[in-house]
Amino acid sequence: MPPSGRQAGRYPGPVAATELDQVVNLCKRRGFVFPSAEIYGGFRSTYDYGPLGVLLLRNVKDAWWRSMVQLRGDIVGLDAAILSPPAVWEASGHLKNFTDPLVDCKVCRQRFRLDKLDDPHTCPNCGSKDSFTEARQFNLMFKTFAGPVEEDAAVAYLRPETAQGMFVNFANVLQTTRKKPPFGIAQIGKSFRNEITPQNWIFRTREFEQMEMEFFVPPADSSRWYEYWCAERLQWFVDHGIPAELLRLRAHDADELSHYSSGTSDVEFLFPWGWDELEGIANRGDYDLTEHATHSGERLEYFDQAAGERYVPHVIEPAAGATRTMAAFLLAAYDEDEVGGERRTVLRLHPRLAPYKVAVLPLSKKEPLLSLSHEVAALLRPRYLVDEDDTQSIGRRYRRQDEIGTPLAVTVDFDSIEDKAVTIRDRDSTEQVRVPIDRLIDEIESRLA
Ligand code: ATP
């Protein structure tokens with residue numbers, strides 16, 4: 001077994017490609033992420049989220065929603081359509097500009113995104129020099145037809161980002177919520193990009209989920225809010241368990257900025273292949289609302305009654321990938337250590353993100369232990385996702401729960417029948433304490449908090 005585990009200095013510093021493999025394998029083996037359509041040989045770059053993955057991904061999205069919507073009074077939610085007419089993408093600039101430069105290697109026929117090559121003269125696949133074709137601009141949007149006839153009038157696009165839904169609904173939200181700048185609209189949902197080089201597992205896929213928020217502010221305050229959201233979003237990842245040294249905020253250089261942006265920073269994570277983007281925070285000015293107002297003919301402004309003035313709010317946009325973020329949480333949480341002289345794999349996920357919060361483990365399958373264990377599980381289920389497991393030795397079952405990140409295991413043993421108490425075991429410290437069943441919920445609550 002190669003040396004690993006956080007203790008062995010896995011992060012930060014030089015990291016081995018095997019670490020991605022370890023996490024990918026664990027996710028396949030334990031039902032987090034499966035390659036899509038696997039029984040038909042798979043479908044490149046699409047993934048299915050299994051019983052544990054769907055819980056983890058949902059918890060990532062819920063944690064974001066909790067921070068963005070629930071804990072604040074100034075952001076409301078939205079769930080806009082995925083299918084949209086060309087007019088939206090004409091106005092947003094995506095039809096014209098949402099392209100990546102595509103090159104083919106004339107020797108090995110592999111295809112690359114020119115802007116992502118370390119050396120634009122050397123093929124990373126076969127090593128040939130100056131073997132690339134001229135770059136072609138390739139539009140990343142998935143085009144389809146709404147209705148039975150495949151004609152120009154029926155063209156529709158799968159959204160390549162969720163953000164346009166917020167701009168298009170700006171007036172609807174203003175009218176229905178009594179919000180005024182500064183306020184935000186948040187959305188979580190699927191986006192689709194016909195990526196030239198999908199890669200690195202769920203990091204870059206053609207179908208993915210985003211968590212985006214458009215924060216509308218008075219123009220004079222936009223710089224302040226941009227700084228605020230950069231700090232806030234970086235902190236969110238730390239608060240949810242990613243060590244600060246695996247995160248950084250990188251401001252875009254002037255030549256990286258889109259023409260309308262006066263500032264963009266990426267929250268980057270130290271992936272096994274190096275620093276890469278988790279989320280972009282952009283100061284978008286009034287570009288989006290102005291473009292949609294011009295193209296639609298609708299007024300997309302705010303009228304400040306107190307000041308008697310009308311203005312187009314500026315927009316600060318924190319845009320994160322939910323599936324990509326899930327990959328980062330998994331990579332950061334993956335650890336190997338030794339317990340009682342035995343190696344174990346443990347996912348040190350933040351309790352809010354862990355698929356199951358509690359495992360209920362009867363020491364034996366014998367009655368009345370099994371019934372008592374069912375009772376304890378039933379007591380906890382209205383509050384927490386519970387995994388009940390009664391197969392194999394208790395040690396094996398602890399390991400299985402450690403490997404999927406379950407923060408707490410509750411063991412029901414023969415004494416439990418007499419003393420009406422159970423043992424709680426902590427995933428990270430492996431410490432065990434005895435707790436009366438009638439105080440179990442309080443104890444779990446305080447440990448998960
Ligand atoms: P990149 O330069 O990596 O292609 P981007 O800068 O175009 O990404 P944005 O348009 O800012 O990405 O999208 C916001 C977020 O959505 C990204 O930070 C990322 O987390 C996520 N995201 C974008 N494209 C993909 C994808 N193909 N697969 C998974 N997540 C993605």
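Strand β10 (residues 183-192) pairs with β11 in the antiparallel sense over 10 bridges, where helices (H or I, at least four residues) and strands (E, at least two) are DSSP runs numbered from the N terminus, and two strands are said to pair if DSSP finds at least two bridges between them. Within this pairing, Q187 stands opposite E212 in β11. The model is a predicted one, in which local features need pLDDT of at least 70 and side-chain atom pairs count only at pLDDT 80 or more, whereas totals for chains, interfaces and linings use all residues. Residues are numbered from 1 along each chain as its sequence is written, and side-chain values use heavy atoms, with hydrogens and water left out.

Both strands belong to an open sheet of seven strands, arranged in the order β3-β10-β11-β17-β14-β13-β12 with mixed pairing. At the edges lie β3 (75-77) and β12 (247-251), each of which pairs on one side only. Neighbouring strands of this sheet are turned against each other by 25 degrees on average, direction ignored, the axes being lines fitted to C-alpha atoms and angles running from 0 to 180 degrees between N-to-C directions.

In total, 16 residues surround the ligand, the closest being E195, R204, T205, E277 and L278; a residue is counted as near if one of its heavy atoms lies within 4 Å of the molecule. Polar contacts, defined as pairs of N or O atoms within 3.5 Å, include one between a polar side-chain atom of R193 and an oxygen atom of the ligand at 2.9 Å, and another between a polar backbone atom of T205 and a nitrogen atom of the ligand at 2.8 Å. A side-chain N or O atom of Q210 is also 3.1 Å from an oxygen atom of the ligand. The protein covers 85% of the 600 Å² of accessible area that the ligand has on its own, as computed by the Shrake-Rupley method with a 1.4 Å probe.

Elsewhere, strand β5 (residues 99-104) is largely enclosed by the rest of the structure, because five of its six residues are buried, that is, under 20% relative accessible area. β5 pairs in the antiparallel sense with β7 (residues 136-139) over four bridges, and L102 stands opposite R136 in β7. β5 also pairs in the antiparallel sense with β6 (residues 111-113) over three bridges, where V103 has F112 as its bridge partner.

Notes:
Buried < 20%, exposed > 50% of the residue type's maximum accessible area, 1.4 Å probe, protein only. Polar contact = N/O pair within 3.5 Å; in protein donor to acceptor, adjacent residues only side chain to side chain.
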